[in-house]
Amino acid sequence: MTDALPDKAAALFRDQFGTAPDGVPFAPGRVNLIGEHVDYNDGLVLPVPIAAGTAVAWKRSSGDETRVRAADLGEEDSFAPDSPHKPEAVDWRSYVRGMAAQWESELPALDLLITGNLPRGSGLSSSASLCIALGRAFAEATGTEIDPTSLAKMAQRTEHEYAGVACGIMDQMAVAAGKPGHAMLLDCRDLSYRHFAIPDDWAVLIVDSGVTRGLVDGEYNARRRQCEAAASPLGVSSLRDVSVGELASADLPEPEASRAQHVVSEIARVKAATKALLASDLPRFGNLLREGHASLRDLFEVSHPAVDELVARLQGLVGEEGGARMTGAGFGGSVVVVLPKSRADGVADALDKDVLRVT
Ligand code: GLA
């Protein structure tokens, strides 16, 4: 990719507004290697930014209103820059107005054009990518320096307050602070992170199950509440502070017990996976992905039959040399596969689906 999307955004901007944009920042999507549904439990996650993402072309406007064109949807929005009211229904406008509402300095009226190449609802963080690209456009337009963590927090608040999703902060941090070709070990408690290069002989592939996430925000928010309900009788503020042993001796009701078991074991898997990555131990890494998938399917109950089938198929193709699992919030979406680079073309050719190559 790299400049193709910003170039496309600039051309579309010229068609729409009859002039060249002043800037066209880009933000990537992300794929999470392991550490699912643990970010809102103060856990550890291991995401990687991907080449696909969102570009936002911007220019200061001479008018009073900010005008926005969502080129891929053929839709528009406009609002007074000093009062970007929350739209009644949640859609792409919620993210634009949410980011504008939170911008700390005064925003001038802008013309904005958005285009992206991330499939929506496929677990690759299209909304975080949109928010961070918008934030970068606002930073350029106001001449503001904003650090990635502050930008990520702003994007997370937008999800919470404008889109009604009580998400953690993994996606926004991965998109704002990720490094291509590197897994980012992020501690979601203090937001410290380290980048680890993915070994040269590993390939990371993403395969879309074709099932898009529907109206599942309620399910997502419910999982978060169940985790909080599991932590409270254990006397901790988050499941990050619970050990496997403590959990085994606790007498939690269902579904809280299973949810907590997933979270506690998944955080341990992230630690083990990071060690495996550093040791270039792909069979071990792959095994952790397999265990993670089973836990998300059986204990956290966020998978989908079509995703389980795809994971099993990919696992069959890769064997003990690597691993596959669902990635992102779940309920459909994408599968991530990590395997020896020498086998990536063969596995991709054996599928009747589009395969996105991360490394
Ligand atoms: C979504 C959320 C993240 C995270 C994942 C699951 O992508 O936005 O905060 O909780 O689901 O790991």
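S280 is found in the loop that connects helix 8 to helix 9 (282-298), where helices (H or I, at least four residues) and strands (E, at least two) are DSSP runs numbered from the N terminus. The model is predicted, so that local features need pLDDT of at least 70 and side-chain atom pairs count only at pLDDT 80 or more, whereas totals for chains, interfaces and linings use all residues. Residues are numbered from 1 along each chain as its sequence is written, and side-chain values use heavy atoms, with hydrogens and water left out.

Although S280 is not a glycine, its phi is positive, near 50°. S280 is partly exposed, at 42% relative accessibility; buried means under 20% relative accessible area, exposed over 50%, and partly exposed in between (1.4 Å probe, protein chains only). A positive phi, about 60°, also occurs at H37, likewise a residue other than glycine. H37 belongs to the loop between strand 1 (26-32) and strand 2 (44-45). In contrast to the partly exposed S280, H37 is buried, with a relative accessible area of 4%. A further backbone feature is the cis peptide bond between E254 and P255, for which omega is about 5°. P255 is located in the loop between helix 7 (244-249) and helix 8 (256-278).

H37 is also one of the residues around the ligand, and the others are R30, E36, D39, Y40, C167, G168, M170, D171, Y220, G328 and A329; a residue is near a molecule if one of its heavy atoms lies within 4 Å of it. By class, this shell comprises five nonpolar, three polar and four charged residues. In this division Ala, Val, Leu, Ile, Met, Phe, Trp, Tyr, Cys and Pro count as nonpolar, Asp, Glu, Lys and Arg as charged, and the others, Gly among them, as polar.

The ligand taken alone exposes 310 Å², of which the protein buries 93%; accessible areas come from the Shrake-Rupley method with a 1.4 Å probe.

The ligand sits in the largest pocket, that is, more than half of its atoms lie within 2 Å of the grid points of that pocket. On a 1 Å grid over the protein atoms alone, a pocket is an open set of points with protein on both sides within 12 Å along at least five of seven lines.

F17, in helix 1 (residues 4-17), is buried with a relative accessible area of 17%. The C-alpha atoms of F17 and R69 are 9.6 Å apart, with a sequence separation of 52 residues. Q315 lies in helix 10 (residues 305-318) and is buried at 13% relative accessibility. From Q315 to G168, 147 residues apart along the chain, the C-alpha separation is 29 Å. L339, in strand 11 (residues 334-340), is buried at 0% relative accessibility. Between the C-alpha atoms of L339 and L239, which are 100 residues apart along the chain, the distance is 31 Å.

Methods. On a 1 Å grid over the protein atoms alone, a cavity is a set of points where a 1.4 Å probe fits but cannot get out, and a pocket is an open set with protein on both sides within 12 Å along at least five of seven lines; lining residues have an atom within 4 Å of a point.
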